[in-house]
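Here is a short briefing on one structure. Look at the sequence and the 3D view first, then read the points below.

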Amino acid sequence: MKKMKKVLCLLISACLAFTLAACGTSGSGAPAPTSNTPASANTDVSAPSNEAPVRSAELTIMMSFSSFMEQWETYCRQFEAKVLAEDKIELKINLEMPSSDMYDSILQARMTGSDAPDLYTIHSNNIGVYTEAGNLTNLSGEALAGKIFENVKNTVTVDGNLMAVPIESQAWAVLYNKAMFADAGVTPPNTLDELKEVCAKLKDKGYTPFMLAYQEQWVPQLMTALTLGGKVTGDVPDWLTRMYKGEASYEEMRDIFEVINLIMENGTSRAMEQGAEVGAAEFANGAAAMFVQGTWASNTIMTTNPEMQLGVLPLPVNNNPNCTLVNLSTSTVLGVYPNSTEKDLALKFANYVLDDNDSAALFQSCGFNPLATSHKYEVSSWVADAYKYVEDGRAYQDLILPSSVTDEQGKLMQELYVGSVTPDEIIERLNKVFQDANKLSQ
Amino acid sequence: MRSKKYENLNLLIYVFPALFVYIAFKMFPAASGLFYSMTNWNGINKTYNFIGLTNFIDLVSDSYFWQSVVFTCKYVAVMLVIANITALGIAVAIESLPRFKGLYRTVYYMPNMISMVIGGYMWRFIFHKVLYYMADNWGWSFLDQSWVGDTRYAFISIIIVAAWGAVGYLMIIYLAALQGVPAALKEASSLDGANAWQSFWNVTFPSILPALSICLFWTLNSAFQVFDVVYSLTGGGPGRATQSVAMNIYEEAFKGNIRYGYATAKSTVLFIIILIITAVQLRVMRKRGDE
Amino acid sequence: MKTGKRTYLIIINTFLILAGIYTLFPLLLALSNSFKTNGELLGNVVSLPKQLHFENYIRTLEKMNYLSTLGNTVFTAGISVFIMVLFSGVAGWKLCRTKTKLSNFLYSMFVFSMLIPFSSIMIPLYKVILGFRIENSLLGLSFVYSGLGVSMALFLYHGFVKGIPLELEEAASIDGCRPLQIFFLIVFPLLRPITATICITNILWVWNDFLLPLIVLSDNKKYTLLLSTNTLFGQYSSDWTAILSALILAALPVIVFYAVFQKHIIKGIADGAVKG
């Protein structure tokens, strides 16, 4: 029996170690020297102790802006100060910025558990899925709703409800080097034939027309996004609706391959070894005259070469100038988790993102485009270029394709570049992926 | 003689801590994974339906999955041959040296210490910058290939990096086996007039057979699950040309349509493949043990 | 005969040196380029740096929070392996010494599960982690590692204990030792070689593991070395000098560890492989 006692002792201490580990996140007495702060906002911190003059609270915010970490850290500190001053709440914001390639998986894993962040960013294309899953709060009644520009607001609205705060919204198409264009004596083309001419003239002057950086699949995907958007808006406006009904085909979009081939044939070499960032840097250093890339790359371009004369031009798809359009879209949006334990503070933060006093500085320092009435600042010339097209009505709303189709387009563009698929095969495969996605969403 | 019951109880008490962490963090997740493979859960929604074997039926006609299986098999086959021949060659060469054995061994094992994520990024630097530099400046034009972008070369690159990471480990096992070959046997065979080649095949090779089967099965097992190298080097591209089964599962679970249930069905299939390999391995080993 | 031997040695050494170059190539290039300025790197990637620019390292050290992430990694690896050895040692010993149907069943269950690929349990495992409320906890992460690694360690211990004569334990038992005393005072010291093997293989595994900490730890202050390196890739993807210095810094601790314990590591790995 004595032996048993000893064993039990061991057992109990093992269990004890376990319970301690399990409580490791609940603050004081945590055995791990490194886990001295409560890790999750869901830990109950709302019980105020009598001595403390102010309540303390925590918010967990997860964002995919690892390149703007410092700006957002600063903004969170400002918000903490604001909350302390206005509500007498000692707020601590845990800003989590997982690396971008794993962001979606981490967020998803957190959503499935009881550990969802109070606020989180997603791509606007996923608003529908997240709304359906009950993971987004309806923000229609918030003050911020009145500030967002109407054309941007449409992109974050589901069934008439505002489901997220837009953060990155852009008008984008093809970036070009104005100095090279001037040197070759060409102006932005309106039709495919004009684009061919531009390419020829650029080559005569010894410039490579297009920068190709296809290592990351989303970059070549931009070509399909632009060409499909232009073609659909200018020629077959009901294509996407019919695609969702299973009544249309990519066959109708065959035009897009001519311009895509033109780009690939007139591009820089070693495209598969160039990442988006490296591509932007090389474009800035004069490797090519045009780059199918959004204005978000301007940060890298302008730091690499501050002298760069950057412009934006719409990409012609065929000889119908009505198809030559820029893309107006919202990419990153911020959502509020409906079951947040500090929902009031979370909503307050969501409003603070478009705050009348502080928001403009944040958006400007990150290089984001103005998207609300609180953003009264001068934009850079290339952004102004792009918005000029929007004002002239030469823009289309980003097509919302199933995300599996978007992924597939990126992969197929890589394959087209290396020559392992033909346009016919691409049409066939995209039709199939679209149908599969339709089947799943039913 | 104590009763069986008492013995079992006693056993459970000692095994409990291990059993607890094991069930909590391995067995339970594995079992629930199996359950999810029969649902249409997307990983986000709070609700999902039990759909029986539908996922497994879909799998049969999923050409991308089978394409990744084919790629993985090709990868496994090439790795089996290349990594093992290289490792065995190096081990035999080192063993035959009078000096510097330790130095060589130390150098070759080095890559195994480093995470393949880190190693993959270092190689990415080689493929993106260094080889092109050599091609452009030293006139080594055979290096001017799209090492990561072209379907064929991307496969070669992956093998180069994967072998870089695996050879050291295999070599250590072969070396240990070679050191276990009795010197007397080798001497006897050379006294019999056998040359080095003959004595290797007749004496050394049979006595390292157990090590060979360990290495072959280790390569098989780990190669079937390859992820890190592909992820950090090509990301599965161009297109899906270098997508391994593990990457295909990962994509299914986290990208595109986010079919988590379907992805677990795929990983169940991967598990079965690995199970079969292991069953074969055990049988082969046991047979050899009987002989 | 003598010249034959010499040519043989020359050929073998050439082969081995070539293989050595292949092995060290990425490491050395990463090292030499990490000391260059960005312009120098783009100009010539194969030359040695003209001057050692430690700025890259200083910047990276700061960006990665090197010391604290290193501390996190050491802590996680150390605690994981400690728990694993403790739990699986006792369990493996007892399983080996008990001859019942239950012990057979438990043992086969542990061994069987060694085959389960990590990818198939990733998400359900994360749900369990959230259930225990150990997300973002390094101690919690260590327990998860011990749960994942315990079957392999147990298998090795089980095999090793078989080779220890039972008489020793019986003698101790007659002398009045209690079972746990027997284990810790008599059996455990005899298990030292296999314990070393288990420690080494598992420390390396935990140290170099990427996916699990990636999903468990999202608080930057808890990041392990690999995670903070990976974050840096995202931020500086066009700046090779920053990336390479981060890679070197991430590889440095294991290389030092290797340099110091080289013999033990290689022996441990060989033993682990042969018995596993």
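Strand β13 (residues 332-336) of chain A is largely enclosed by the rest of the structure, because 4 of its 5 residues are buried. Buried means that 20 or more other C-beta atoms, placed from the backbone, lie within 10 Å of a residue's own. Strands here are DSSP runs of E with at least two residues, and helices are runs of H or I with at least four, numbered from the N terminus.

This is a predicted model: local features need pLDDT of at least 70, side-chain atom pairs count only at pLDDT 80 or more, and totals for chains, interfaces and linings use all residues. Residues are numbered from 1 along each chain as its sequence is written, while chains are lettered from A and ligands numbered from 1 in the order in which they are written.

**Partners of β13(A)**
- Strands pair if DSSP finds at least two bridges between them.
- Strand β3 (residues 119-123) of chain A runs antiparallel to β13(A), with 5 bridges.
- In this pair, H123(A) faces T332(A).
- Strand β6 (residues 165-166) of chain A is also antiparallel to β13(A), with 2 bridges.
- Here P166(A) stands opposite V333(A).

**An open sheet in chain A**
- Four strands, a set of 4, follow the order β9-β10-β8-β11 with mixed pairing.
- The edge strands, β9 (210-211) and β11 (310-313), each pair on one side only.
- Strand β8 (residues 174-177) and β11(A) are antiparallel over 4 bridges.
- V174(A) lies opposite L313(A).

**Where chains B and C meet**
- In all, 69 residues of chain B are in contact (C-beta atoms, placed from the backbone, within 7 Å) with 66 residues of chain C.
- α1(B) gives the largest share of chain B's side, 20 residues.

Notes. Contact = placed C-beta atoms within 7 Å. Buried ≥ 20, exposed ≤ 12 C-beta atoms within 10 Å, placed from the backbone.
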